[in-house]
Amino acid sequence: MSAVANSEEQEKTLVEIIEDGTAIIDPNKYTNFVASPKSGAIATFAGTTRDTFEGKRVVELRYEAYVSMAIRRLKSICSSARSSWNLDSIAVAHRLGTVPVGETSVFVAVSAVHRADAMEACRYVIDEIKASVPIWKKEVYANGEVWKENSEFLERRLGLELEKHEHGYCCGRKVKVDDDEEKLTERKNE
């Protein structure tokens, strides 16, 4: 890629990790960033804190990150999306700290000439964020808390095949990772 093309790509990519625990994500900011007269489509994704998980009442989510590495990885994901689809602009924002029920923790906006490119790239970006960006999530329940791993991360990292459910990949297979590699291999082959 030429220096001019790389510079243009950087100008049309906005990546932010919001470290101020009181700041919220403004979807309009990111949607407006990607909007342009030559784009016929803008696809967005907003990940919000839901109020229940597996029958437990969720109070809030708490996010931590290795910020400099997360930003580098987010930029790399955006660059990969550009190499796969004909895109105009990409904007990604992720909050750190506490995210109460109903509020947005992650937002992705992608613009392109055609809707298929925008929609497919938007899905790719959020899936890659969940699978590979060093951002960690703790779910806080009314009666406890637990650090959560995304199913996308587990699939990629451990080579697991999780069961597909009506609402996506999750909860079908419970995995306990031992230090002993043989036990892990035996479990995967069962």
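This is a predicted model: local features need pLDDT of at least 70, side-chain atom pairs count only at pLDDT 80 or more; totals for chains, interfaces and linings use all residues.
R95 belongs to strand β5, which spans residues 87-95. The residue is buried, with a relative accessible area of 2%. Two polar interactions of its side chain were identified. The side chains of R95 and E103 are joined by a polar contact of 2.7 Å, and a polar atom of the R95 side chain lies 3.2 Å from the backbone oxygen of T98. When residues up to four places away in sequence are not counted, R95 touches I18, G21, A23, I24, I25, Y63, P100, E103, T104 and S105.

Two aromatic pairs were found in a search of the whole structure. Y30 and F107 form a tilted pair, with a centre-to-centre distance of 6.3 Å and 40 degrees between the planes. This pair links distant parts of the chain, 77 residues apart: Y30 is in helix α2 (residues 27-34) and F107 in strand β7 (residues 104-112). Both Y30 and F107 are buried. W85 and Y124 also form a tilted pair, at 5.4 Å centre to centre and with 55 degrees between the planes. W85 lies in the loop between α3 (67-84) and β5, whereas Y124 is in helix α4 (residues 115-132), so the pair ties together parts that are 39 residues apart in sequence. W85 counts as buried because its relative accessibility, 17%, is under 20%. Y124, with a relative accessible area of 23%, is partly exposed.

A contact between a charge and a ring involves K56, whose charged end sits over the ring of Y141, 4.5 Å from the ring centre.

Terms used: Residues are numbered from 1 along each chain as its sequence is written. Side-chain values use heavy atoms; hydrogens and water are left out. Helices (H or I, at least four residues) and strands (E, at least two) are DSSP runs, numbered from the N terminus. Buried means under 20% relative accessible area, exposed over 50%, partly exposed in between (1.4 Å probe, protein chains only). A polar contact is a pair of N or O atoms within 3.5 Å; within protein, one must be able to donate a hydrogen and the other to accept it, and residues adjacent in sequence count only if both atoms are side-chain atoms. Contact means heavy atoms within 4.5 Å. Rings of Phe, Tyr and Trp (its six-membered ring) pair if their centres lie within 6.5 Å; planes under 30 degrees apart count as stacked, over 60 as edge-to-face and the rest as tilted. A charge sits over a ring if NZ of Lys or CZ of Arg is within 6 Å of the ring centre and within 35 degrees of the ring normal.
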